[in-house]
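I opened the notebook to record what I looked up in this structure, entry by entry. I begin with the sheet and end with the backbone.

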Amino acid sequence: MLHRLPHIRPGQTVGLLGGSFDPPHRGHVAISHAALRRFGLDHLFWLVSPGNPLKAHAPAPLARRIAVSREMQSHPRIHVSDIEAHLNTRYTAETLRLLRHAHPGVHFVWLMGADNLKHFHLWRDWREILDTVSVGVLARPGDQISARLSPAARMFRHKRLTGRQSQALARRGGSAWCFVNVPMVDLSSSEIRARGGWATERGQAAQIQENTKE
C-alpha cells in the first residue's frame, strides 16, 4: 500500500519536521511558523516518530504525542502526521525515499534545529538525505557556531545557501541546505521531561501562535 501525506500536490513546497515530540512544546510551534515564512513553504508536517534510533529511552505512547501535538497546532498549513508508523520506517532516509516515491513533483524540505546539525553525520545515510532533498536548518540557543562547524556542514559547505537565499531553498531539489536564524525559544523536550512537565505543554502554544500569525 502506498501511504501518502494529505493536502499536498505536485509543484508545492512541503517542509518536514521530524522528531519524537516527547513532548511537543511551544518551541516546535515557533520554528514551524518561522520555517513557513523563511523557506516559502506551502505546507509543513510534523512527522511524529514511533521512536528515535539514536535515543536510548522509549518515548511516550505515539497516540498521546499525536493528540497533544494536534492540540498545540492550529495553523491551517501545518499538519501533524504519524505516517512513519504506517510506513514502518525507523530512519529519516527511509522515510524520505518513500515520500518522494509517493509524491513525485513535490519539493520536500527536511527541517531541523541547529542542534541536530551537530550530530547529523551520525544519522543513517545522511549524505543521501543532503543529496536528495533540500535541508533547512533553524538556529536554536547556543548551537549556531558548533552547528556551522559540524562535520556535515563542513563537508557540504559548497551546497549552502545564505539566509537571504532561503526562499529559493525548497526548489533546489537536494542541491542545497540553508541555515537561518529565527526567534529563539529556549526549550527542549528532554528538559521538559526532566522537570516532569509533560502535561504542562498543553495549551501553552496559544500565545506564540498569535505572535507568529502570517
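Predicted model: local features only at pLDDT ≥ 70, side-chain atom pairs only at ≥ 80, totals over all residues.

I looked up the strand order first, and I found an open sheet of seven strands in the order β3-β2-β1-β4-β5-β7-β6, with parallel pairing. At the edges stand β3 (78-81) and β6 (160-161), and since each has a single partner strand, one side of each is left without a neighbour in the sheet.

I then went through two of the pairings. Strand β1 pairs with β2 in the parallel sense over six bridges, and in this pairing Val 14 stands opposite His 43 of β2. Strands β5 (residues 134-138) and β7 (residues 177-180) also run parallel and are joined by four bridges, with Val 180 in β7 as the bridge partner of Leu 138.

Counted by residue, six of the six in β2 are buried.

Helix α2 (residues 62-72) lies across β2 (43-48) and β3, and its direction runs at about 150 degrees to β2. Helix α4 (residues 92-102) packs on the sheet, where it touches β1 (13-19), β2 and β4 (107-113), and its direction makes about 160 degrees with that of β4.

Which residues of α4 are buried? I listed Thr 92, Ala 93, Thr 95, Leu 96, Leu 99 and Ala 102. These buried residues pack against β1, β2 and β4, and also against the helices α3 (83-87) and α6 (126-132). For reading such a list I kept in mind that an α-helix has 3.6 residues a turn, so residues three or four places apart point the same way.

Leaving aside residues up to four places away in sequence, Trp 110 touches Leu 16, Gly 18, Leu 47, Thr 92, Leu 96, Trp 123, Val 133, Ser 134, Val 135 and Gly 136. Trp 110 counts as buried because its relative accessibility is 4%, where the cut-off for buried is under 20%.

**Entry 5, the aromatic rings.** How many aromatic pairs are there? The count comes to five. Trp 110 and Trp 123 form an edge-to-face pair, 6.5 Å centre to centre and with 85 degrees between the planes. This pair links distant parts of the chain, since Trp 110 is in strand β4 and Trp 123 is in the loop between α5 (114-118) and α6, 13 residues apart. Trp 123 also counts as buried, because its relative accessibility is 16%.

Phe 120 and Trp 123 form another edge-to-face pair, at 4.8 Å centre to centre with 70 degrees between the planes, and both of these residues are buried. I noted one aromatic cluster formed by Trp 110, Phe 120, Trp 123, Trp 126 and Phe 156. Separately, I recorded that the charged end of Arg 124 sits over the ring of Tyr 91, 4.1 Å from its centre.

I looked up a cis peptide bond and found it from Asp 22 to Pro 23, with omega near 5 degrees; Pro 23 lies in the loop between β1 and α1 (26-38).

I also noted two residues other than glycine with positive phi. Asn 88, in the loop between α3 and α4, has phi near 60 degrees, and it counts as exposed because its relative accessibility is 67%. Asp 125, in the loop between α5 and α6, has phi near 55 degrees, and at a relative accessible area of 36% it is partly exposed.

Methods: Residues numbered from 1 in each chain as written. Heavy atoms only, no water. Contact = heavy atoms within 4.5 Å. Pairing = 2+ DSSP bridges. Axes fitted to C-alpha atoms, helices over the stretch in contact; angles between N-to-C directions. Buried < 20%, exposed > 50% of the residue type's maximum accessible area, 1.4 Å probe, protein only. Phe/Tyr/Trp six-rings, centres within 6.5 Å; stacked < 30°, edge-to-face > 60°. Lys NZ or Arg CZ within 6 Å of the ring centre and 35° of its normal.
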